[in-house]
Every structure is written in C-alpha cells, then in structure tokens.
Amino acid sequence: MPGTSVIGLQWGDEAKGKIVDLLTQRHDVVVRYQGGANAGHTVVVGEEVYKLSLLPSGVLTPGVTCVIAGGVVLNPAKAIEELGELASRNVEDSDNLKISDRVHVIFPWHFAEDRVMDKNTSDGENIGTTGRGIGPCYRDKVGRSYAVRLGDMYRDTFREQVQHNVEVKNGILAAMYPPGEFAPLDAQAIYEEYRAYAEKLKPYVADTTEYLLTAAEAGKRILFEGAQGALLDVDHGTYPFVTSSNSSGVGISNGSGVPARYINHTIGIVKAYTSRVGGGPFPTEQDNQLGQQIRDKGNEYGTVTRRPRRCGWLDAVAVRYTTRLSGVDSICLMLMDVLSGFDELKICTAYELDGEQSTRFPSHVDDLRRVQPIYETLPGWSEDLTGATSKSDLPANALAYVDRVSELIGVPVEMVSVGPARSQTISLK
Ligand code: GDP
Ligand code: IMO
Ligand code: MG
C-alpha cells in the first residue's frame, strides 16, 4: 500500500508545497482533495519559484499525474491562469492533469458573499478569510439548492441554473450589503464567462473518483496533498476561525473518494515556530519585537494575500493534538534556519486554564482564548543553518531542539528543512 499523505499540523503555511514536491519523485499520482485557491503552496526549483493555489505541487515533476479531486472548490479562472503560467514558464507536464467533474465551482456571488460575511462572526472578531469565495461555495455545496458542479457546466441546463442562482443571490446579497453598496450580478455575462472557462477546462475534466480508486487498486503510489492546516479544520480546528473544509487528515477520504486503507504513511508538516494569518486565538503569539523578528527572518507574509502572518513560539500542545487527529507517523520540521540567532527558544508544553494545567487542546474557542501557555526554555544557536546538508552539520542545540519537539509531539522527526530549496533538506532517518 504505497499511499502517502502530507498534512499541515498548524494554521497553514507550514511549507507543505516544498515537501510534496520532494516526495513527488517517489509517487505516480499527486492529489489535491480539499480547499481551493485559498491555499498558496510554494515550490522552489533551482532559481525558479512557483506559487500554486489550485494545481497540486506535483505538477512540476514530469511524468506524474496530478488530480484535483471532488472535495476541492474550484475557481476556474484561477485554474486556467495557473495552467497558463506554467505553460509560459515551460513546465511541460501541466497537461497531465485531471479535474473532477464533481468539484464545486466558485461563482461571482461567492466572492461577494465572502466579502460581506467575513465581517459578521458572532463575537465581533473577523475570521479574516482569504476572500476567495471558499466558505460560501462550500455552504452552497452542503445546501445543494444553489450549487453548481463542474460537470453541470457541460449540460443544457447550465444557463437556467445560472439564471436562477443569480436571481436568488441578487436578492440575498442586496439584503446583506449596506444600502446602495451591492451592484446586482448579470446572469447572461456570468453564463458566457463560465461557458468559456468550461470549454478551456474540458480536456482535463474526468471522473477522478473512479480514476483514483482504479489507481489505488492497481497499487499506484498516490500522494495526497493537504491544503491549509489541521487547526483550520472545520470540524476539529479552532472553530469558527477555520476554513470550510476538513483540512486535517480526516478529510482525505471524503475529499478524494479513496479509502483510508490505501494510505500507509502520513507525514505531518510542522513549522519550527508558529504562524497564523487571519483572526482567531493563538496562545503562543508574540505580538511584539520577537514576533516581528521571526516574521522578518521567515519572510512571513501570506502567499495568497500578502498579509503579514502573526508569529509566535512552537505550540506542542496544539501540534500533539493535530498529530493524533491526523494519524501522523512522522513529521518534517520546517524553517529551522529561521530560529538561528535567538539566545533562547521557547516551546509551549502545556496550557493553564482556570488555575489548572493541562495538555488537552480546548474544544471551545473561548477557552483557547483564555489559556496561558506554559513554556519550556531551550538554549538557542547562533550558527546559520542554511548550508547544512546532513545531521552532523546541525549544531548540538538545534539537534536538541529537534529531539525535544519529537518527544513532546510523540512521533519521530524524519526531515529537517533549513531553506526553501530542494537541497536544503536533511533526512534524519
Ligand atoms: P505551504 O502553504 O504549506 O505550502 O507553505 P507556503 O508556501 O505558504 O509558505 C512556506 C514558505 O516558506 C515558502 O515561501 C517557502 O518557500 C518557504 N520555505 C520552505 N521551507 C523553508 C525552510 O526550511 N526555510 C525557510 N527559510 N523557508 C522555507
Ligand atoms: P495553505 O494551504 C494559511 C485561513 C485564512 C483565514 C481562514 C479562513 O497555503 O497553508 P478561507 O478563505 O479559507 O475561508 O479563510 O483560513 N487560511 C489559510 N491560512 N494558509 C492557508 O493555506 C490558508 N487557507 C485559508 O487566512 O484565517
Ligand atoms: Mg501557503
């Protein structure tokens, strides 16, 4: 059973793209199965930097089939843009792509809803979404009445579907926006725009569930690329400050249609510290000079929105929880080079809540807001790690940090990353 999954174990941007790209060489198929263009996965190949939002990070390796499975919400314009960009940069194999006819399609009304809804969480704090229409599209998927799947766009009924949806959505949106701020959507224009997208994407459309099941049964090596991070999982994350899909390991089967028994190795991706974009509690956040130092060194600005990412110490309580939740076998500890130059490093090992210490990750966001992190302090190192190529190149204090993380989280660290390039990766196996 050669299936592998890669799951981010924090709030996203753990450098999943880099590891998926590296592991692709050992796989036949790479699958994105949830989320959409809210993701921004960076892959560095030599001097070239690729930012992928919808296409699987395996797309840069020739001979590999890339799949966008049914659990994804698809912005067709973005998919076409990414394919065009890869073609213009001579990435030959982007043709080797299959997009599920079951993916739900993001329409202009979803963007309009995302913009206005984000201002309305019950406790007044914004979710701070990426504005890519993700939540509204998933809501329509579950609601069914106004949903459009990619396969619907090739049917005679598509024009009527758009017409009907626009009528209803114009009414809803006019009521949601402050008076005079919403310009009604034009059904005919949207229909024509989306028909053109459908034609461009036609060569890629497939029943990917059938394709993946057949591939799995034939023993093909499938790599599942998670988007976002497990703490943003709609059911098990820091709700409501989450994304609208199952971004922890539990989402793989429902998004791809492939049963869990075909996945024999789950790799958790963990940043050596923590970052978060958007709203919501973040117990180890350093909203101070130290956080700014991490942001500057780690270039912590959003891949999709360029928003400054909030930064803080590694939270082993949170990561131990998401490791267990996703059934992680081993982790890759990323961006270790960013921690060079600190006299001391802190890791959160427990939370204190109402006078009691615990390593349980709270299920309610109000409790997570109130926890006090309990830190363990480790000695730092001054050496630059970006040139390290083997375990013996790592300073003793860096190795001690890696060992302590592994101990606290409960699984081995299989790789340490010391820079964005493929070569800046150290295997500890
Ligand atoms: P993803 O969404 O999980 O794929 O992560 P992003 O691409 O949004 O963010 C990770 C950023 O860190 C990217 O700019 C990567 O090129 C970069 N990166 C990856 N690994 C390392 C590393 O070990 N060290 C440093 N300094 N940067 C890294
Ligand atoms: P990758 O795959 C980091 C965050 C948003 C916001 C919340 C909900 O690159 O790790 P959404 O637009 O999904 O409704 O926003 O989730 N978010 C991410 N944060 N990395 C991502 O993806 C993210 N995708 C969504 O900032 O807080
Ligand atoms: Mg990202």
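Select glycine 40 together with ligand 2: a polar backbone atom of glycine 40 is 2.9 Å from an oxygen atom of the ligand, a polar contact in the sense of a pair of N or O atoms within 3.5 Å (within protein, one must be able to donate a hydrogen and the other to accept it, and residues adjacent in sequence count only if both atoms are side-chain atoms). The model is predicted, with local features needing pLDDT of at least 70 and side-chain atom pairs counting only at pLDDT 80 or more, while totals for chains, interfaces and linings use all residues. Residues are numbered from 1 along each chain as its sequence is written, chains are lettered from A and ligands numbered from 1 in the order in which they are written, and side-chain values use heavy atoms, without hydrogens and water.

Then show the side chain of histidine 41, which places a polar atom 2.7 Å from an oxygen atom of ligand 2. On its own the ligand has 550 Å² of accessible area, and the protein covers 98% of this (Shrake-Rupley method, 1.4 Å probe; for residues, only the protein chains shown count as cover).

Now select the shell around ligand 2, meaning residues with a heavy atom within 4 Å of it. The shell has 20 residues, the closest being Asp13, Lys16, His41, Thr130 and Thr243. By class, 7 are nonpolar, 10 polar and 3 charged (nonpolar: Ala, Val, Leu, Ile, Met, Phe, Trp, Tyr, Cys and Pro; charged: Asp, Glu, Lys and Arg; polar: the others, Gly among them).

Ligand 2 sits in the largest pocket, as more than half of its atoms lie within 2 Å of the grid points. A pocket is an open set of points on a 1 Å grid over the protein atoms alone, where a 1.4 Å probe fits, with protein on both sides within 12 Å along at least five of seven lines; lining residues have an atom within 4 Å of a point. The volume of the largest pocket is about 900 Å³, counted as the space filled by probe spheres set on points joined across faces, edges and corners.

Select Ile127, Thr129, Val242, Thr243 and Ser244, which lie nearest the centre among 42 lining residues. Colour helices H3 (108-117) and H4 (134-143), each giving at least two lining residues; H4 has the largest share, 4 residues.

Finally, move to the second largest pocket, of about 610 Å³. Ala15, Thr42, Gly298, Leu335 and Pro420 lie nearest its centre.
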